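I opened this entry to keep track of what I looked up. The notes follow the order in which I checked things.

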Amino acid sequence: MNSPAIRVSGLKKNFGASEIIRGVDLDIQRGERHAIIGPNGAGKSTLFHLISARLPVTAGAIELKGENVVGLKPFEIARRGLSRSFQITNIFHNLSVFENLRCAVLWSLGYRYSFWQRLSGLKDARQRAEAVMEEIGLSRRRDTPAGILSYAEQRALEIGITIASGADVILLDEPTAGMSNTETEEAVAMIRRVTEGKTLVMVEHDMGVVFGLADRISVLVYGQIIATDAPAAIRCNAAVQEAYLGTSLHSGIAS
Amino acid sequence: MNSVIFPRGRLLLWGGGLALAIALPLLFKSGFMVSLLCQMGIMVVFALSYNMLLGQTGLLSFGHAVYYGLGAFITMHTLNLIGKDGSPLLVALLPLVGGLAGMLAGVVLGYVTTKKAGTTFAMISLGIGELVAACALMFPGFFGGEGGVSGNRVIGKESFLGFTWGPQVEMYGLIVLWAFLATVAMFALTQTPLGRMANAVRDNPERAEFVGYDTQRVRYLMLILSGLFAGIAGGLTALNYEIVTAETLNAHTSGVVLLMTFVGGIGFFYGPIIGAILITVMQIVIGGLTHAWLLYFGLFFLFMVLMAPGGIASLIAVQHKLWQAGLLGRMLPHYLATALPTLVLLAGLVGLIEMGYALLAGEGVGAGDTATKVMGMEMQLNAPGPWAAALGVAALGLALTRWIGGRTRVAWNATLSTLHGDKA
Amino acid sequence: MEFVVISLLNGITYGLLLFMLSSGLTLIFSMMGILNFAHASFYMLGAYFAYQISTWIGFWPGLLVAPLLVGAVGAAVERYGLRRAHRFGHVAELLFTFGLAFLVEEIVHLIWGKVAVDYRIPEELDGTLFSLFDTDFPIYKGFMMLISVGMLVALYALLTRTRIGLIIQAALTKPDMVEALGHNVPRIFMLVFGGGTALAGLAGVIGGNAFVTEPGMAAAVGSIVFVVVVVGGLGSLGGAFVASLLIGCIQTFSVAMTLSITDVFAVVGIALPEGSQVARLTITQLAPVLPYMLMVAILIFRPRGLMGARES
Ligand SMILES: Nc1ncnc2c1ncn2[C@@H]1O[C@H](COP(=O)(O)OP(=O)(O)O)[C@@H](O)[C@H]1O
Ligand SMILES: [Mg+2]
């Protein structure tokens with residue numbers, strides 16, 4: 001029970017000849033809110049892809065709640081209680097908002113591949129989907145096809161699908177990217193609310209969000225983690241300062 | 001909260017449909033009409049089963065006839081196995097045997113085909129279809145070779161509730177019963193967790209994996225169930241025609257069901273029903289009028305792909321929306337105005353094709369030298385006159401259609417923006 | 001021994017013909033993401049055009065003109081049909097080509113009738129090239145090989161030496177990159193489609209008289225070409241080449257073998273029970289299904305295909 005939510009050790013990923021993840025070690029404790037920051041192209045999304053089995057690992061180990069998960073398929077990892085969102089919105093475009101969320105809860109409620117139960121009779125699935133819809137503020141758009149939602153609404157739905165299953169380990173890849181300030185604020189408040197008591201790992205560029213939300217921060221630069229620490233310590237870390245010189249972290253710290 | 005178990009509108013629709021199906025042979029008593037209705041009922045089930053793959057799961061199959069055909073053959077062999085000692089009740093249950101055969105075929109073949117989705121699935125389904133069709137020619141013992149396998153659906157000494165299934169009308173009753181049950185079951189399936197996840201897998205297989213579903217398993221299960229219903233349709237065919245040939249499971253049959261489903265509209269549950277009915281009627285009516293009907297078919301299909309990829313059902317759905325918004329009246333005059341020159345264009349084209357057919361496909365030697373009968377008119381096909389006339393009509397129609405069609409499009413766009421503007 | 005050599009030569013000839021079809025199909029697929037269901041229909045058009053031209057002015061002009069005509073038809077189809085269908089997505093595209101295949105067959109019915117036409121090998125090429133042991137190898141087979149290899153060399157030169165070739169190559173290895181170029185390359189799409197269909201047309205010109213020119217030829221060859229592409233690996237030219245030759249040889253060898261399944265099992269020391277229908281089948285009878293069985297085996301054991309890089 002003391003095993004960390006996620007333990008990554010010696011993780012490597014090559015695309016052809018280029019090494020993108022070059023030996024990452026990372027422990028994320030249960031219940032922790034962990035932010036991963038780093039410049040564009042550092043490999044943050046790739047790290048998420050490896051943990052969630054969207055991409056096969058080249059070398060190294062990944063444990064989820066003490067269990068080795070390397071080589072499993074994405075759905076097997078999802079069933080072990082890890083859920084993730086995508087940097088590029090990844091929703092069911094032709095289904096309504098409500099159906100998107102209901103699809104996301106079906107497995108975790110144990111309905112599996114059932115073709116002998118009526119969806120409309122599954123009260124728990126409906127209630128859970130509606131509760132999530134309320135949380136992400138899309139109740140008004142219940143029957144709208146996801147494909148024609150506004151960008152911010154799609155981002156909210158993206159997070160909704162991720163949290164709907166009730167997974168206790170959540171990975172969010174740039175959940176607020178492309179949002180306006182007010183939208184970001186709302187999204188952060190929502191994220192804080194819906195991940196209460198869960199393990200959260202988040203890639204985020206907005207330093208205000210990162211320093212406000214995270215218990216610990218890891219800095220990923222060029223496929224390696226150069227520092228993992230509490231926000232205050234990261235702020236003063238020389239290596240981080242160097243890697244980030246003159247970039248958004250500075251302004252983020254200043255503000 | 002709208003959680004009535006059976007919404008009244010839907011109940012009315014289903015009841016109305018069933019009542020109509022039962023009433024039709026009372027209105028059209030001719031043997032021809034009843035045969036036509038039988039064929040329609042069978043095709044409705046077949047097309048709906050196909051849409052479980054294409055419309056609901058996003059799987060474009062070029063080999064769906066395999067499940068239909070195997071269902072038909074197994075049904076026929078079972079019928080012959082039962083032999084004289086059976087009863088009409090057993091015969092009535094035979095389509096279920098066909099269904100189980102189709103399902104079993106799905107279990108075996110689907111394991112291979114559903115490993116992939118998209119284009120690869122399309123190609124593999126074609127290959128598997130060819131494989132089974134080739135096997136059919138290799139094992140004449142089971143598939144009956146060129147002549148097929150035949151049987152007699154009237155068996156047993158007593159009737160079942162007065163039915164022997166001998167008369168075509170009784171067979172029609174059996175078809176309606178099975179078609180209704182199968183349709184209800186297929187609709188119910190769309191409202192289950194598996195049915196909904198099939199839609200999710202169609203829309204975005206990657207995300208479906210990340211919410212815990214094995215997309216391969218979803219495709220596999222949907223294919224097996226689709227095989228079940230295709231097999232039921234096959235069983236009905238076997239009973240209806242009392243003969244099954246290798247044609248039932250070849251690429252042509254697979255192509256026809258794809259055509260029906262698509263033309264009807266894959267985005268709506270009822271789309272394939274419309275397609276199956278329409279295409280069956282066209283097959284028989286137009287097929288009876290002209291030898292070139294397959295050509296018209298191909299042209300119609302391409303026209304639909306390019307102009308109305310949502311099929312007839314989507315056209316109906318849009319009109320329904322306009323009607324609800326009170327905008328249909330605004331469009332109706334435009335529709336009529338466009339229909340007229342379109343008919344002129346069609347007349348010209350049909351004339352050209354029919355004359356070409358009469359000349360080239362040559363009914364008899366020296367076609368064209370003497371006066372030939374085309375569309376009920378005597379004409380000299382080696383003279384330029386008739387050709388010029390037909391070409392002129394077509395050109396006139398084309399010009400008018402483009403002109404009026406352009407204005408209709410403007411009106412259409414305006415109406416649509418009003419419609420969407422009202423909503424927002 | 002002679003059986004092996006002659007069958008091998010026949011197999012390679014047929015395999016090269018298949019490659020003329022599958023290479024065009026692969027190029028079109030890699031560039032445009034379209035699986036051209038009607039590809040074999042262009043093969044059929046090539047044969048019929050060549051036949052028609054040969055009845056007017058002879059075989060040799062047809063050899064050049066027919067493929068060009070087919071290519072022009074292909075380009076027109078891309079320009080006025082596919083490009084529109086493309087807007088509605090992949091399924092619409094696939095359905096469009098499916099409908100096209102259907103339509104072409106009907107048009108061929110309409111113009112040339114439902115039975116085979118008398119498209120013959122030209123007299124200059126009618127005869128025996130050489131005799132091996134007791135079996136003759138016809139000149140025309142040699143001619144087919146010559147044309148196919150010539151085409152292969154030309155295709156290779158085009159792909160490696162010209163700008164368009166380089167773009168096409170880029171598309172083969174990095175489809176996303178060309179997708180990023182997006183709609184700025186409709187002309188290249190049209191050229192690739194026209195070129196691919198012209199290749200199919202050429203195959204039809206030389207295949208139509210070697211085999212038969214009839215309305216069913218497109219469907220017969222079409223499904224084999226799809227098998228080739230699946231076996232070789234979707235989008236891989238090298239794979240298509242290997243698979244074409246492999247299936248060409250399988251086809252010719254199996255047609256020539258009179259062994260029955262029982263005999264085959266007997267060789268490995270297993271005696272099958274007498275009398276069952278399966279056991280009595282000969283390899284020749286199995287010939288039509290062998291390519292499909294190979295495809296199924298590949299799908300189960302190596303889903304990427306022989307040389308395919310892409311999982312799709
Ligand atoms: N599928 C891929 N093939 C090749 N290179 C890739 C692939 N996916 C990502 N990369 C490369 O890996 C690097 C890291 O990408 P990514 O993880 O998306 O960075 P980020 O930290 O911005 O999320 C980038 O240089 C990108 O070009
Ligand atoms: Mg990223």
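**Chain B against chain C**

I looked up the interface of chain B and chain C: the two bury about 3800 Å² between them, 83% of it on carbon and sulfur atoms. Buried area here is the accessible area (1.4 Å probe) that two parts lose on being put together, summed over both. I note that B:M123, B:M138 and B:L306 supply 17% of the area that chain B buries against chain C, more than any other three residues.

The model is predicted: local features need pLDDT of at least 70, side-chain atom pairs count only at pLDDT 80 or more, and totals for chains, interfaces and linings use all residues. Residues are numbered from 1 along each chain as its sequence is written, chains are lettered from A and ligands numbered from 1 in the order in which they are written, and side-chain values use heavy atoms, with hydrogens and water left out.

I then listed the residues in contact (heavy atoms within 4.5 Å). Chain B gives 40 residues and chain C gives 42 residues.

How many salt bridges does the rule find across the interface of chain B and chain C? I found 0, where a salt bridge is a side-chain nitrogen of Lys or Arg within 4 Å of a carboxyl oxygen of Asp or Glu.

I went through the helices next (DSSP runs of H or I, at least four residues, numbered from the N terminus). On the side of chain B that touches chain C, α5 (118–138), α6 (140–143), α11 (251–264), α13 (293–307) and α15 (328–360) of chain B each supply at least two residues. The largest share, 13 residues, comes from α5(B).

I found C:E106 in helix α4 (residues 90–112) of chain C. C:E106 is buried (under 20% relative accessible area; exposed is over 50%, partly exposed in between; 1.4 Å probe, protein chains only), yet C:E106 has no salt bridge. The nearest side chain of opposite charge, C:K114, is 5.8 Å away; Lys and Arg count as positive and Asp and Glu as negative, while His and the chain ends are not counted. Leaving aside neighbours within four places in sequence, C:E106 is in contact with B:L294 and B:L295.

I found C:S236 in the loop between α9 (217–232) and α10 (237–256) of chain C. With a relative accessible area of 12%, C:S236 is buried. Leaving aside neighbours within four places in sequence, C:S236 is in contact with C:T26, C:M307 and C:G308.
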